[in-house]
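Please look over the sequence and the model below before reading on. The briefing that follows goes through the structure topic by topic.

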Amino acid sequence: IVYVPLCLFEIRMSPQLHRLVYGFSPFAFGQSIRYGGYRPSVFMQHGLEVGMWMMAATLIGLYYWRSNTVRQIYGVPILWLVSALLVTFVLVKSTGAYFLLFLGIGILLFAWQFRSASIVLLIIISIFFYLGQNTLTETYISDQIITSVSEIVPPERIQSLEFRFNNEEMLTDKARERIVFGWGGWGRNRVYRYNWAGRLVDVSVTDSLWIIAFGQNGLVGLTSVFSAFFVPVLAFIKRYPAIYWFKPQVTPAAIITTILILYMVDTLFNAMINPIFILACGGVAGTAVAQTVPSGHQQAASYRRSQQIKVVEN
């Protein structure tokens with residue numbers, strides 16, 4: 001909510017807050033121009049990071065409003081605040097964040113309707129399949145992805161996606177030369193070629209977190225990064241099945257768990273490392289082992305016992 005007026009200011013005046021406060025801008029100004037206007041960056045390293053941040057805030061607001069977990073904040077109805085968040089999020093102009101918001105809503109609606117977290121498990125399996133397909137084989141599925149989304153995504157976004165995939169294929173081929181532990185630091189994971197002047201120059205662009213982890217630390221680093229996020233998610237789902245996600249005691253952790261899944265989907269295309277998501281991952285892990293709320297299995301057993309008592313009484 002605090003970011004709403006800051007985003008609206010930069011949407012109108014262009015990304016200037018970081019320069020005005022700190023004296024420099026951590027990004028190229030040309031990357032902030034999008035769809036005939038400006039994409040805000042506020043105090044983050046890029047507009048893509050702001051898009052992910054505002055997507056998470058909007059999804060939390062929608063979830064709290066729909067589940068009646070929070071009705072108002074400081075006397076302001078939650079619906080008004082969610083509306084302000086949603087309008088600002090649309091004006092942020094982050095295409096990938098739009099997709100993630102719809103995916104997050106789909107996950108929560110599925111859990112609400114079917115009382116199942118199977119769609120979360122499907123996403124995790126799909127991510128590992130995508131990573132395994134790209135790292136362990138020489139068969140890339142990027143062409144199929146571009147063909148599938150070309151009808152619904154603007155042409156300039158398709159070109160950006162295709163550029164990323166082309167660089168990832170080039171970097172993956174380099175990473176396979178040291179597939180277990182990677183190339184380490186100092187840019188050795190990048191691709192260098194001689195230019196017309198005979199100088200060795202870097203011709204690769206590392207956009208996504210997974211290709212950076214794979215190139216620098218190999219399969220060990222790539223598996224560690226994604227497991228560090230997915231193991232707490234799986235532990236939470238095991239302890240609190242989706243049937244309990246809409247109880248007030250579990251609702252906050254359930255929405256944060258969903259956001260962690262969306263963040264890891266985002267890392268397949270971007271490398272905007274926001275420490276708040278790492279902190280949230282620790283929070284989910286702590287919730288999964290906490291004893292303050294009965295686990296899903298304990299609550300299910302309690303429910304079965306209550307049903308048996310009713311049968312006996314009848």
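**The core and its setting**

In this predicted model, the largest nonpolar core has 74 residues, and those with the most contacts inside it are Met-54, Trp-210, Phe-226, Phe-236 and Trp-245. Helix α9, which covers residues 209-239, provides the largest share of this core, namely 11 residues. As general background, nonpolar side chains tend to be buried together in soluble globular proteins.

**Overall make-up**

- The secondary structure of the protein consists of 12 helices and six strands, and its C-alpha atoms fill a box of roughly 90 × 45 × 40 Å when this is taken along the principal axes.
- Of the 314 residues in the protein, 44% are buried, while the accessible surface comes to about 16,800 Å², with 64% of that surface belonging to carbon and sulfur atoms.
- Among the contacts with a separation of 6 or more, 69% are between residues 24 or more positions apart.

**Around Met-54 and the cysteines**

- When residues up to four places away in sequence are not counted, Met-54 touches Tyr-3, Val-4, Cys-7, Leu-85, Thr-88, Phe-89 and Val-92.
- Cys-7, one of the residues that Met-54 touches, is buried because its relative accessible area is 0%, which is under the 20% cut-off.
- Cys-281 also counts as buried, since its relative accessible area of 8% is under 20%.
- The structure holds zero disulfides.

**Around Thr-251**

- Thr-251 lies in helix α10, which covers residues 251-266, and Thr-251 is buried, with a relative accessible area of 0%.
- Once the neighbours within four places in sequence are left aside, Thr-251 is in contact with Tyr-63, Tyr-64, Ser-67, Thr-69, Trp-245 and Phe-246, and Trp-245 is also among the residues with the most contacts inside the largest nonpolar core.
- Thr-251 and Phe-277 are 26 residues apart along the chain, and their C-alpha atoms are separated by 17 Å.

**A nonpolar patch on the surface**

- Phe-9, Met-13, Leu-20, Val-21, Tyr-22, Phe-24 and Phe-43 form a nonpolar patch on the surface, and together they have about 710 Å² of accessible area.
- Helices α1 (3-13) and α2 (17-22) each supply at least two residues of the nonpolar patch, and α2 gives the most, with three residues.

How values were computed:
Residues numbered from 1 in each chain as written. Predicted model: local features only at pLDDT ≥ 70, side-chain atom pairs only at ≥ 80, totals over all residues. Heavy atoms only, no water. Patch = residues over 30% accessible without salt bridge, like charges linked within 9 Å, V, L, I, M, F, W, Y side chains within 5 Å. Areas by Shrake-Rupley, 256 points an atom, 1.4 Å probe, with all protein chains shown as cover. Salt bridge = Lys/Arg side-chain N within 4 Å of Asp/Glu carboxyl O. Helix = DSSP H or I, 4+ residues; strand = E, 2+ residues; numbered from the N terminus. Core = buried A, V, L, I, M, F, W, Y, C linked by side-chain atoms within 4.5 Å. Buried < 20%, exposed > 50% of the residue type's maximum accessible area, 1.4 Å probe, protein only. Contact = heavy atoms within 4.5 Å. Disulfide = S-S within 2.5 Å.
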